[in-house]
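Reader: I have a new model on my screen. Please show me how to read it, one feature at a time.

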Amino acid sequence: MYKSKPAYIVLALVIFGLLVISCGRKTSDNEILIGEYSSLTGTTATFGQSTHRGILMAVDEINKAGGVLGKKIKLLTEDDQSKPEEAAMAVTKLISRDGVKAIIGEVSSSRSLAAAPICQANRIPMVSNASTNPEVTRKGDYIFRVCYIDPFQGEVMAKFVFNSLKLRRVAILEDVKNDYSIGLAQYFEENFKKLGGEVVATQAYSEGDTDFKAQLTALKGSDPEAIIVPGYYTEAALIVKQARDLNMNMPFIGGDGWDSAKLTEIGGAAMNNTYFSTAYSADDPNPVVQNFVTKYHKLYSDSPDAFAVLGYDAARLLFDAINRAGSVEGDKIRDALKATRDFPGVSGMITIDADRNARKPIVIIEIGDGKMKYKETIQPD
Ligand code: PHE
């Protein structure tokens, strides 16, 4: 038979519960809590792991230099397991349970799109490090990013194929489960057609697929001069490898989703004669880049990829905004983020425009002799 518990037991349980919660996430008045949601595990674990390293490096540096507004930055990180639903859960926890003042994340547009409405509803500024789909910042006026957006990336890729490679007939193989891929395919096609080029065929796949022979065979039938693969590197590398097996030796072209050391690890020599656009290259002779590469190497004995750089830039730009805001209130941080002009990021000068997007340069990488080589930097108009 059910008997209600005496009031003092209930009270004791509540107090105990509160103690457990507060011990889990200890904070003090000398700290500013910043949240990070990243894919530390799952299909795109390297995205999150590298991002996390970049953010940690920025936190460490700022804390050694005295912190922000005289307080230390305390980073709370949640793993979203590479899943949009988990990204939404992660930011909910960071905001409601931990009370973070601002949030950094994510790389994948699909995950940023799931988390942004929650940050917006709670008036907590969110700075995406690498989500390039234009819809992300349209979720509201608390949502920002430090990377360029795909209408610009699509235009640069189209001009590169048309003007630099001088190719006119291309095919597209897109990931129809990925908001980023769908958007980038569309912006590429619009711009390529505007220039006078032709998209002779389009085929689809879904993230996680491993066999692309049917789609590639169909594309081969249309005799394209190049194939555009606006997806993530795991599938892109397998696609190019299988294409070479089918004797398809034309150039393959991708966007920032290709940017990982895993691309050439998985694809090997098949990746020769491919190109992609991205936020940064470790070979860029710019001293700001070289300085960062050396510091990162000392810390992690590794060369930083684009995620590490963008995580580092997102965190530093956010700390700069909080300093200028002179406050940790959401609307004050938002206003300071909006006012960011010519912030010197490792990934280039960053100016936040009226749509809360970053205007900044783009880099083209060429793969030859099994290696990624810096080709050129293209500035925004
Ligand atoms: N731009 C991609 C997106 O919006 C994410 C990405 C960035 C992937 C950089 C790889 C490298 O989904």
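Predicted model: local features only at pLDDT ≥ 70, side-chain atom pairs only at ≥ 80, totals over all residues.

Reader: How is the protein divided into domains?

Author: Domain bounds come from an automatic or database domain assignment. Here, domain 1 covers 11-148 + 287-361, and domain 2 covers 150-278. Their C-alpha centres lie 30 Å apart.

Reader: How many residues of each domain are in contact?

Author: Contact means heavy atoms within 4.5 Å. By that rule, 16 residues of domain 1 are in contact with 19 residues of domain 2. Buried area is the accessible area (1.4 Å probe) that two parts lose on being put together, summed over both. Between domain 1 and domain 2 this comes to about 1400 Å². Carbon and sulfur atoms give 50% of that area.

Reader: Now the strands. Which way do β1 and β2 run, parallel or antiparallel?

Author: Strands of a sheet pair through backbone hydrogen bonds, either parallel or antiparallel. Helices (H or I, at least four residues) and strands (E, at least two) are DSSP runs, numbered from the N terminus. Two strands pair if DSSP finds at least two bridges between them. Strand β1 (residues 31-38) and strand β2 (residues 72-79) run parallel, joined by eight bridges. Glu 36 has Thr 77 as its bridge partner in β2.

Reader: What is the handedness of the unit made by β1, helix α2 and β2?

Author: A crossover is right-handed if, with the strands pointing away from the viewer, the path from the first strand over the helix to the second runs clockwise. With helix α2 (residues 45-64) between them, β1 and β2 make a right-handed β-α-β unit.

Reader: Which strands pair with β10?

Author: Strand β9 (residues 252-254) runs parallel to β10, with three bridges. Phe 252 stands opposite Thr 274 there. The chain crosses from β9 to β10 through helix α9 (residues 261-267), and this β-α-β crossover is right-handed. Strand β14 (residues 362-368) pairs with β10 in the antiparallel sense, over five bridges. In β14, Ile 367 stands opposite Thr 274.

Reader: Is β10 buried or exposed?

Author: Buried means under 20% relative accessible area, exposed over 50%, partly exposed in between (1.4 Å probe, protein chains only). Five of the five residues of β10 (residues 274-278) are buried, so the strand is largely enclosed by the rest of the structure. Both faces are covered. Thr 274, Phe 276 and Thr 278 are on one side, with Tyr 275 and Ser 277 on the other.

Reader: Helix α9 came up. What does Thr 264 touch?

Author: Thr 264 lies in helix α9 and is buried, at 18% relative accessible area. Leaving aside neighbours within four places in sequence, Thr 264 is in contact with Met 271, Ile 367, Gly 370 and Met 372. A polar contact is a pair of N or O atoms within 3.5 Å; within protein, one must be able to donate a hydrogen and the other to accept it, and residues adjacent in sequence count only if both atoms are side-chain atoms. A polar atom of the Thr 264 side chain lies 3.4 Å from the backbone oxygen of Ala 261.

Reader: Where is Gln 242?

Author: Gln 242 sits in helix α8 (residues 233-245). Its relative accessible area is 10%, so Gln 242 is buried. A polar atom of its side chain lies 2.8 Å from the backbone oxygen of Thr 210.

Reader: Last, the backbone. Which residues have a positive phi?

Author: Most residues other than glycine have a negative phi, and most peptide bonds are trans. Ser 82 has a positive phi, near 65°. Ser 82 lies in the loop between β2 and α3 (84-97) and is buried at 9% relative accessibility. Lys 166 also has a positive phi, about 60°. Lys 166 is in the loop between α5 (150-164) and β6 (169-175) and is exposed at 58%.

Reader: Which peptide bond is cis?

Author: The bond from Gly 105 to Glu 106 is cis, with omega near -5°. Glu 106 lies in the loop between β3 (102-104) and α4 (109-121).

Technical notes:
Residues numbered from 1 in each chain as written. Heavy atoms only, no water.
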